[in-house]
Amino acid sequence: MKEAKLPASKAKRERLSKFTSFLFVLPYLLLFLAFLFIPLVYGIYISLHDYNLLSSVQPFIGFENYATIFNPDSAMNSLFFDGLGNTLKFVIFSVPLLVSIGLGLALLLNSLPGKLRTFFRTIYFIPYAISVSVVSIIFLWILDTNSGLLNMYLMDLGFDAIPWLTKQPFAWISLVGATIWWTLGFNMIIFINALNEVSEELYEAGAIDGASAWQKFIHITLPTIRPIMLFVIITSTIASFNVFGQPYLMTRGGPGDSTEVLLMGIVNLAFEERELGVASAMALLMSLIMIVISVIQFKIANRKQGGES
Amino acid sequence: MKKTNKRWSALAVTCSAVLLTACSGNSGVVEEGGNSGSSEDNSEITLWAPFSGPDGPYMKEIVDGYNESQDEYNVNFQIVPQSEYYKTVDLAVNGESNMPDVMVMHGDQIFTYAEKDIIRDLGDLMGDEISVDEYHPNAIEGASVEDELYGVPLDIHPLLFYWNKDMFEAAGLDPEQPPTNREEFIEYAQALTNEDENQYGYVVPTLWPQEFIFPTIVFQNGGELYADGEVQFTSDAVVEALEFERSLIDEYAVSPSDVQQDGEVTMFLQGRSGMHMNGPWMMKQWEDSGLNYGVAPVPQLGTEQEGVYANSHNFVVPESVDEEKLDAITNFFSYVGDNALAWAESGQAPASKAVYESDEFQDVNTQSSQVAKQFDYVKFGPDVENWGQATGPLMEAVNEVLLGQKDTTEALEEAQQKAANALE
């Protein structure tokens, strides 16, 4: 009897535990459904229609919106692919820096004494809490070619004024620089936590074997924090893909259309031109590209890990 | 959408569409009364306006004045933030619910909404209470599509000319005498320029507000951006306008190169740009900064004629509005036409003759009367669907040429092609 009763109560406990777990997931699930899943499905629906906000009828047109995007003669084609190209440039310029500087700063802060570390950690993290409009205005003033702070100092030192926001490659340098200053704190905090997780014993063992600081970093620190590294790379890539506010407010897409990123084009198309159908198709294609890139990053990282172990 | 943070997902476009549809007309609406959108009571009318800036209180003053002036009707005034305005309107249209009874609409938007039968032809409202003769004919033209009146004009806001009186005085110019033509403009600009002091006659913007400045010079050259069903970006008048602006930077050197977004405003506020062109909405910023400035009609910088690019604010009525409410609406329009002086206090110029021809209007501030002086020769954007998609490439060309990164003809030919393609 006793033996028969035990599994029953165990099953009951398990069911209860599953139910409690579900309760914990529920709030997120509801938000996910309301703000991601349903809009996603609705977005797919819109993208299959000739959906002009002001038209009284939005006829179903199948994949015509997608066909327009891929038709090289249409204005939508250049809007999408020029925008995508600019977005990709931003991703390529910003992600390696966001990850490596974030890690570097974390290493630097970790070697500081406790109180100083907290102080600098706060300082570096604060910009992350500021909104993009404020960040952009600060940088607009600092970088102004003819009356900005930075050029004033450069000219005092005998250099020529640099057109930070009106000439390439400076416009990209400025946008990436502003983004790094703004969002670096987030990656840094994650890396600091990851570094604290690395076991001290490994370093001690390494020290006994006569490993240099660089060797310790390459052979102990990096392998241990690899999962976190992957997380940081993927979140940074996604965040950089979604770049909008910085070029929208700082360069207005200029010089010419060289910093006109994809989201600027999509938002303009959706809410200025009211062509929600094509805009939704573009947004979905963009998400698809982001998903593919994330999966590739994941695969590469996992393969490396598998190869080493 | 402008304050997007970096976590913004690509799906936000679709998300917002859904969210805003769900909230319908209510999203972002500052309510004055209890209910939003169209009301059942025929004596109660709802008014939407994008006046979320310093102009809001002046419109409220007018509406409050109307509500107190009589007992029959009541206007419920709701401000929708400017950046969300047309989005909110569009989603109300799309959801076919919560439409206001009257809304303020920019002149350059009227064509789109009229074409889609969303706003009402107001011809039948014209009669004893209000008539088109009470407004400046250009304002009526700006609110009309193919001679049908779709809006009752509130104001016309053209480009304006501002100058720094202190800098004029220091340069030995008469601080009360703004330039009136191209020759004077260049002459004054050269007198005001002192490159060693990083001080310039006229700082040429490379982005906004070129949307107002560039068409102004094109019109003054006797040209059009759109005519005979085609974009005219490669016409002589357009090419000359761009070459002229470019010459201010390299030939006459009265402007620094590489002016960034708002860089010309910063330099005007710092007293390092003697002259400036912008819209009437800048008045508050100049006043707040304590700048000793003057304001006048835009000088004739083109070679042929007077002309200035303008937009306008108009009252429009949705097609869906209850016919029973038209009496109340007409009564309100009539009141605003006679009592819009408060609107002039914001630096704008009401388009109703009863206001801009009055003595009080001349004294309300220094700016509004200068705005009204340009009424006779204002030009509005063309009535073309998706005109925004055509001006985008043009403004890119203007940007690249003024930054010295592209040849004028080459840039304009490219813009012509892109724009023609977008309008197809």
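**View 1. Strand β3 of chain B and the strands beside it.** B:Trp48 stands opposite B:Met103, a residue of β3(B), in what is a predicted model throughout. The two residues belong to a pairing in which strand β1 of chain B (residues 44-49) runs parallel to β3(B) and is joined to it by two bridges. With strand β13 of chain B (residues 308-316), by contrast, β3(B) runs antiparallel, and four bridges join the two; here B:Val104 has B:Phe315 of β13(B) opposite it. Of the five residues that make up β3(B) (residues 102-106), four are buried, and the strand is therefore largely enclosed by the rest of the structure. In a regular strand, side chains alternate between the two faces of the sheet.

**View 2. Strand β6 of chain B against β13(B).** Strand β13 of chain B also pairs with β6(B), in the antiparallel sense and over six bridges. Within this pairing, B:Pro153 has B:Asn314 of β13(B) as its bridge partner. Seven of the seven residues of β6(B), which spans residues 152-158, are buried, so this strand is largely enclosed by the rest of the structure.

**View 3. A four-stranded open sheet in chain B.** The order of the strands in this sheet is β8-β11-β7-β12 (chain B), and their pairing is mixed. Because β8 (200-202) and β12 (293-296) of chain B stand at the edges with a single partner strand each, one side of each is left without a neighbour in the sheet. On average, and with direction ignored, neighbouring strands are turned by 20° against each other.

**View 4. The loop residue B:Gln199.** B:Gln199 is placed in the loop between α7 (182-192) and β8 of chain B. Is this residue buried, exposed or partly exposed? B:Gln199 has 19 C-beta neighbours inside 10 Å and therefore counts as partly exposed, the cut-off for a buried residue being 20 or more. When residues up to four places away in sequence are left out, B:Gln199 touches B:Thr193, B:Asn194 and B:Arg272. The C-alpha atom of B:Gln199 is separated by 40 Å from that of B:Ala49, a residue 150 residues apart from it along the chain.

**View 5. Helix α3 of chain A and two of its helix contacts.** The axes of α3(A) (residues 75-110) and helix α7 of chain A (residues 170-197) come within 7 Å and cross at roughly 45°, and the two helices are therefore oblique to each other. The crossing of α3(A) past α7(A) is right-handed, and the residues of this contact comprise 20 nonpolar, six polar and one charged. With helix α10 of chain A (residues 226-241), α3(A) packs at an angle of about 145°, the axes being 9 Å apart, and this crossing is right-handed. Residues of α3(A) in the contact include A:Phe90, A:Val91 and A:Leu98, while those of α10(A) include A:Ile233, A:Ser236 and A:Phe241. By class, the contact of α3(A) with α10(A) has eight nonpolar and six polar residues, and no charged ones.

**View 6. Helices α8 and α12 of chain A.** Helix α8 of chain A (residues 200-208) has nine residues, of which the number buried is zero, so the helix lies largely in the open. Just after α8(A), A:Gly210 takes a positive phi of about 80°. In helix α12 of chain A (residues 262-271), on the other hand, 10 of the 10 residues are buried, so this helix is largely enclosed by the rest of the structure. Among the buried residues of α12(A) are A:Leu262, A:Met264, A:Asn268 and A:Phe271.

**View 7. The contact between chain B and chain A.** In this view 46 residues of chain B are in contact with 51 residues of chain A. On the side of chain B that touches chain A, the elements giving two or more residues are α1 (12-23), α3 (85-95), α10 (263-269), α17 (387-402) and α18 (408-423) of chain B. By class, this side of chain B has 16 nonpolar, 18 polar and 12 charged residues.

Key
Residues numbered from 1 in each chain as written. Chains lettered and ligands numbered in written order. Predicted model: local features only at pLDDT ≥ 70, side-chain atom pairs only at ≥ 80, totals over all residues. Axes fitted to C-alpha atoms, helices over the stretch in contact; angles between N-to-C directions. Parallel < 35°, antiparallel > 145°, perpendicular 65-115°, else oblique. Left-handed = near helix turned anticlockwise from the far one by under 90°. Nonpolar A, V, L, I, M, F, W, Y, C, P; charged D, E, K, R; others polar. Contact = placed C-beta atoms within 7 Å. Pairing = 2+ DSSP bridges. Buried ≥ 20, exposed ≤ 12 C-beta atoms within 10 Å, placed from the backbone.
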